[in-house]
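Please look over the sequence and the structure shown below before reading on.

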Amino acid sequence: MSLSAKTVVLIAIGAALYGIGGLPMFGIPVFANTTLKPAMAVLALFAVLFGPLVGFLVGFIGHWVTDLFAGWGVWFTWVLGSGIVGMIIGLYPKLTRERLEKGLFSKLDFTLFVVLAFLGNVIGYGCSAFLDSILYAEPFAKVLAQLVIIAAGNTTLIAVVGHFILTSVAKRKQQSYNLKEAY
């Protein structure tokens, strides 16, 4: 598989924004080693606009960058979880037949976006929680609490920020889509 230069640049920009936005100074601590971070909106946006591969790599690399610069060491289980979140949200363009590209963003499209965000968080960070309990002997009750808080918090954050951004993207695309060439 080869990635175009444009895709590599998109992944690098998305991962950098996610990595910086995921640092503790930008997040809201909510539970043991658990922070709600605005970087999740960046991950969702890149995934929705550029698909599952970009979503996975932005989440994976971006979370890795966050962990490196935050100073607590890289937790590969949660790095993987962020990649899975991005991959699942990245299914959005295929499931909507790329309606956003045509400037369309209905209530049904928004509902699908929120459902994908929720499923991505539950599946992605569910894998993280499961692997933490298996590999690192983290207490199951702790990782389950982290999962519930993160899935609910991230989904809410992604839904609120995502609604404003995707509505704006749809309006912008609609204006471009309706342009006609003058003869």
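## Basis and salt bridges

A salt bridge is counted where a side-chain nitrogen of Lys or Arg lies within 4 Å of a carboxyl oxygen of Asp or Glu. The model is predicted, so local features need pLDDT of at least 70 and side-chain atom pairs count only at pLDDT 80 or more, whereas totals for chains, interfaces and linings use all residues. Residues are numbered from 1 along each chain as its sequence is written, and side-chain values use heavy atoms, with hydrogens and water left out.

The structure holds three salt bridges. In one of them E138 pairs with K142, with the closest N and O atoms 2.7 Å apart; E138 counts as buried at 17% relative accessibility, where buried means under 20% relative accessible area, exposed over 50% and partly exposed in between (1.4 Å probe, protein chains only).

## Pairs involving the α5–α6 loop

D109 forms a salt bridge with R99, and their closest N and O atoms are 2.4 Å apart. Because D109 lies in helix α6 and R99 in the loop between α5 and α6, the pair ties together parts that are ten residues apart in sequence; helices here are DSSP runs of H or I with at least four residues, strands are E runs of at least two, and both are numbered from the N terminus. D109 is buried at 1% relative accessibility, while R99 is partly exposed at 27%.

K173 forms a salt bridge with E101, the closest N and O atoms being 3.3 Å apart. This pair links distant parts of the chain, with K173 in helix α7 and E101 in the loop between α5 and α6, 72 residues apart. K173 is partly exposed at 26% relative accessible area, and E101 is also partly exposed, at 38%.

## Annotated spans

An unreviewed UniProt entry lists residues 6–28, 40–66, 72–92, 112–131 and 143–166 under "transmembrane region"; such annotations may be inferred rather than shown by experiment, positions follow the numbering used here, and feature names are shortened. In the model, residues 40–66 are 96% helix and 0% strand, with end C-alpha atoms 12 Å apart, whereas residues 143–166 are 100% helix and 0% strand, with end C-alpha atoms 32 Å apart.

Helix α6 (residues 107–135) contains L119, which counts as partly exposed at 37% relative accessibility.
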